[in-house]
Amino acid sequence: MSVALLFLLALCNAIRVNGEESNGRCDLMPTLDSRPHSVSILEFGAVGDGKTLNTIAFQNAIFYLKSFADKGGAQLYVPPGRWLTGSFDLTSHLTLFLEKGAVILGSQDPSHWDIVEPLPSYGRGIELPGKIYRSLINGYMLRDVVITGDNGTIDGQGSIWWDWFISHSLNYTRPHLVEFVSSECVLVSNITFLNAPAYNIHPVYCSNVHIHDISVYAPPGSSYTVGIVLDSSDNICIEDCSISMGHDAITLKSGWDEYDIAYGRPTTNVHIRRVQLQSSSGSSLAFGSEMSGGISGIQVQELHLHDSLTGIEFRTTKGRGGHIKEIIISDVNMQTVETAFSAVGNCGSHPDDKFDPDALPVLEKITLQNIVGTNINMAGNFIGIQESPFTSICLSNISLSIDSTSSDSWQCSYVSGFSESVSPKPCPELENFNTSSSCFSLMKPNGRAAIL
């Protein structure tokens, strides 16, 4: 059976919601078979010397492989070497396979990265008004596409972009390494991502995405680099990954203020498990602050968070609208984290002055359970919004070893919730027994998440 058929059967047809899959959608992922057709990038004149620009070779190879879409799809094989390129597009029913020792290098010449219109749910570039640089590897309205290999590498050579960002030398928002837009049945696995200009993997308006067994790295000084950004997408699995970033490791988003209130595409039905996350200046796992389309139905388990500014953070602000709700995070080990948990209602900027200041976000039904932390400076910082307090924050079976120099391990305002078996003792706002039924009604008797 071809990879395309396996992928469509396992991801597109078998997925059910509302708790019918007892272990979450990560247990639905397919076993891949080989594509019936394969070509090497060498056949299209590519040179892997790290100096020759191979953009046209990648574009021509993928154009040729489009002809196999109705024949079970095809594979583009990238052998060992250093393959310099600018932006290029993938196609449906394609596997991009990077052999061990193969490195796709993003060009450090900005003219090799196309300039495109911003996403409709953002209305402008995140960093600068107007258009944005196009990502290195792109998929638009695709179905059944795979990026995998024998631990090959995609290196964005982002240091020049970080310098331009810091010096305010850019005219457009920085590009990402891999971006899928309005695509479904997408797999990314067994690849190392290095030195992205901004994000490494950005699925936006996508469905049925599986990301597993990848390593992602950018150095601590890399400005606002992020590992994986799930954005206005649904039915996602991330598992068995190691991510160490300058800013956030994994972030869930869903659009910016009035633009995604109008666009209306949420992020929902996400399963994240068995990941190691590190964030130098941001959060290991973050939600928002762009969340105007809504984020809900998220199951996260078996995390190792280390050497991070914040472990788990929920971000929003007035004018966002939308919601962050029905989130269950369990079985977490934290080591050397400044702030274990954070939920803040005054985080983030606005795209322009057209946002509605009365569009208040809702943050509710957040469960954090079975968590152990050592060398933690602050347990929790929960600062809600006076006009829209954060509610049903549920803490259970949490033990944090707080740095002895810390005088106040919890800070709370405009928040309410319930806690059980939590050390150090949380603030009184999180000890409301009347909230307990709404907290743990999110859980099935066997302890598995009911929301998925």
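Hi everyone, let's start at a loop: Gly264 sits between helix H4 (257-263) and strand E22 (267-279). Helices here are DSSP runs marked H or I of at least four residues, strands are E runs of at least two, and both are numbered from the N terminus. A quick word on the source: this is a predicted model, where local features need pLDDT of at least 70, side-chain atom pairs count only at pLDDT 80 or more, and totals for chains, interfaces and linings use all residues. Residues are numbered from 1 along each chain as its sequence is written, and side-chain values use heavy atoms, with hydrogens and water left out.

Back to our glycine. Gly264 counts as partly exposed because its relative accessibility is 48%; buried means under 20% relative accessible area, exposed over 50%, and partly exposed in between, with a 1.4 Å probe and protein chains only. The C-alpha atom of Gly264 is 8.0 Å from that of Ser121, although 143 residues separate the two along the chain.

Now, which residues of E21 are buried on its two faces? Ile250 and Leu252 are on one side, Thr251 and Lys253 on the other, and all are buried. In general, side chains in a regular strand alternate between the two faces of the sheet.

And the neighbours of E21? Strands pair if DSSP finds at least two bridges between them. E19 and E21 run parallel, joined by four bridges, and Leu230 stands opposite Leu252. E21 also runs parallel to strand E23 (residues 283-287), with three bridges, and there Leu252 stands opposite Phe287.

On to the pockets. On a 1 Å grid over the protein atoms alone, a pocket is an open set of points where a 1.4 Å probe fits, with protein on both sides within 12 Å along at least five of seven lines; lining residues have an atom within 4 Å of a point. Points are joined across faces, edges and corners, and the volume is the space filled by probe spheres set on them.

The largest pocket has a volume of about 730 Å³. Of its 39 lining residues, Ile126, Tyr199, Tyr224, Lys253 and Glu290 are the closest to its centre.
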